[in-house]
Amino acid sequence: MMITPKTNAERIKRYLEEGKRFDGRKPEEYREVIIETGVSKNAEGSARVRIGKTEVLVGIKMDVMEPYPDSPNKGNLMVTAELLQLSSPRFEGGRPGFDSVEIGRVVDRGIRESKFIDFEKLCIKEGEKVWNVFIDIYSINDDGNLLDAAGIGAVAALRNAKIPKYDEEKGKRLFEESSEKSLPLAETNPLTITIYKIGDNILLDPTREEEDVSEAKLSIGISDGIISSMQKGMEKSVTIQEFEEMLKMAEDTWKNLNSKLDKSD
Amino acid sequence: MSKDFKRPDGRKFDETREIKAKVGIVPNADGSAMFSFGNTVAVAAVYGPKVMHPQHSQNAEKGTLRCQYNMISFSVKDRIRPGPSRRSMEISKITEWALEPVVMLKGFANQVVDVHINILQADASTRCAGINAAAMALAHAGIPMKNLASSVSIGKLDKNLVVDLSKKEEDWEEGEGATDIPITMAPGGEITHIQLDGKIDSKQLMDVVALAKDANEKIYEIQKKALKEIGEK
């Protein structure tokens with residue numbers, strides 16, 4: 001869906017040919033990232049992430065459930081993203097569209113595949129009761145790059161989360177009490193960094209307009225040089241050389257964002 | 001990477017399972033094809049170009065490629081609930097993206113080309129088999145294309161790279177476990193699709209891309225041969 005006018009699209013491309021962007025950033029430059037944690041009283045953990053004018057709210061809820069038959073000693077993860085109508089005139093209500101499914105699934109795999117959460121430690125009683133971790137992502141304002149914002153928010157919220165109290169005798173989750181125990185998380189933060197291609201130029205952290213005119217994108221789930229998930233999107237291909245460049249960009253960006261995350265809690 | 005690594009089914013590291021490709025299997029369709037990697041069997045049928053419905057989805061500048069990936073309920077051991085899932089929605093979109101760089105729909109304003117992909121039997125690498133079948137079905141339907149696209153999954157089992165993952169390999173748990181990397185390319189090595197689940201560093205990932213390029217060249221020849229066979233009939 002192309003809502004950005006054609007004249008703007010052509011101008012964005014022309015600027016990029018000269019290594020320039022409308023807001024004065026360099027192609028590989030991120031907007032300012034602001035991470036706040038503990039922004040919700042009723043969630044087990046939460047974070048608000050702003051990248052320029054883009055904003056997402058991420059909450060963690062946990063509940064006790066029966067484990068899946070193929071992983072009787074492991075907790076579960078469920079990631080859902082909702083693109084709220086309040087966050088953009090272009091979002092429509094009704095059934096979740098592809099964009100929200102994509103955000104949920106890309107963030108899910110970034111966290112799951114990196115083994116960030118030690119699911120075995122979320123087992124209460126093997127084969128009977130395990131913790132289920134829900135990561136719910138809501139867009140508050142969409143000015144591009146919701147995907148990366150959602151990934152940063154998910155990690156910040158997980159780091160912020162405290163496991164609720166569980167009464168083993170009664171087999172009940174005590175909603176009013178927290179165990180004050182943090183989630184079993186790995187030390188390095190997995191992040192999903194998406195790199196976009198417009199014409200023959202590659203760039204990071206697009207604004208809404210830039211994202212509209214992008215022709216290819218590559219989401220890279222990375223944690224300290226180890227890549228654990230990846231997904232290419234959109235209608236144009238990338239050359240092997242561009243692919244290598246994108247990997248390098250993701251590694252550098254991870255370092256910057258990681259230090260921000262470490263300071264956030 | 002060790003070249004003497006033993007795969008569960010005895011294949012060499014750069015060997016795919018037996019590939020079968022056949023064009024023209026759904027008489028009603030404008031184009032159709034079957035593609036299989038061993039026990040993974042995909043069929044694809046193309047309908048169109050035809051006027052896009054609903055009307056608000058029409059694009060006045062070019063035709064739309066619309067792919068639908070679906071696994072039939074008994075394609076795997078535990079029954080799959082019929083109907084779209086988050087996973088199938090994602091693979092449908094990924095398939096569109098994998099094929100869009102090679103199809104040329106400029107002359108088909110307000111029209112749609114529908115590609116229906118069904119996995120009849122699954123033993124991993126289903127999206128790759130589906131994309132291969134879809135590319136052939138599009139060519140068979142006479143849709144203008146720059147070229148075919150070919151798709152293969154590269155796996156990293158512990159530290160070893162292998163071509164065309166089976167389900168048994170996908171579930172590898174020893175050492176560093178399994179990393180699954182499906183890659184689609186246009187001939188020459190342009191990447192039109194890549195996904196990854198697992199754990200790998202960027203240096204080895206470049207080896208993965210090189211392996212995929214070789215494997216996809218072989219798959220491309222098989223797809224071409226199947227298309228020529230139908231032309232000779």
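Apart from neighbours within four places in sequence, Thr40(B) is in contact with Arg17(B), Phe35(B), Gln121(B), Ala122(B), Asp123(B), Ala124(B), Ser125(B), Thr126(B) and Ala129(B). These contacts are taken from a predicted model. Thr40(B) lies in strand E3 of chain B, which covers residues 40–51. Its relative accessibility is 0%; because buried means under 20%, Thr40(B) counts as buried. One of the residues in contact with Thr40(B) is Ala124(B), and the side chain of Thr40(B) reaches the backbone oxygen of Ala124(B) at 2.7 Å.

The two chains also touch one another. In this interface, 34 residues of chain A are in contact with 29 residues of chain B. Between them the chains bury about 2800 Å², of which 60% is on carbon and sulfur atoms. On the side of chain B, the most area is lost to chain A by Arg86(B), Glu90(B) and Trp97(B), which together account for 23% of what that side buries.

Polar interactions were also counted across the interface. There are 15 residue pairs in polar contact between chain B and chain A, with both residues at pLDDT 80 or more. The side of chain B that touches chain A draws at least two residues from each of helix H1 (86–99), strand E9 (190–201) and helix H4 (202–232) of chain B. Of the elements of chain B, E9(B) gives the most to this side, with 12 residues. Sorted by class, the side of chain B that touches chain A comprises 12 nonpolar, 6 polar and 11 charged residues. The number of salt bridges found across the interface is 4. A salt bridge is formed between Glu61(B) and Lys6(A), whose closest N and O atoms are 3.5 Å apart.

Strand pairing also links the two chains. Strand E12 of chain A, residues 226–233, is joined to E9(B) by 5 bridges, and the two strands run antiparallel. Within E9(B), Asp201(B) is the bridge partner of Ile226(A).

Asp143(A) is located in the loop between strand E6 (129–141) and helix H3 (146–160) of chain A. With a relative accessibility of 17%, Asp143(A) counts as buried because the cut-off is under 20%. Beyond its neighbours within four places in sequence, Asp143(A) is in contact with Arg31(A), Lys53(A), Thr54(A), Pro206(A), Thr207(A) and Arg208(A).

Key: Residues numbered from 1 in each chain as written. Chains lettered and ligands numbered in written order. Predicted model: local features only at pLDDT ≥ 70, side-chain atom pairs only at ≥ 80, totals over all residues. Heavy atoms only, no water. Helix = DSSP H or I, 4+ residues; strand = E, 2+ residues; numbered from the N terminus. Buried < 20%, exposed > 50% of the residue type's maximum accessible area, 1.4 Å probe, protein only. Contact = heavy atoms within 4.5 Å. Buried area = accessible area lost by both parts, 1.4 Å probe. Salt bridge = Lys/Arg side-chain N within 4 Å of Asp/Glu carboxyl O. Polar contact = N/O pair within 3.5 Å; in protein donor to acceptor, adjacent residues only side chain to side chain. Nonpolar A, V, L, I, M, F, W, Y, C, P; charged D, E, K, R; others polar. Pairing = 2+ DSSP bridges.
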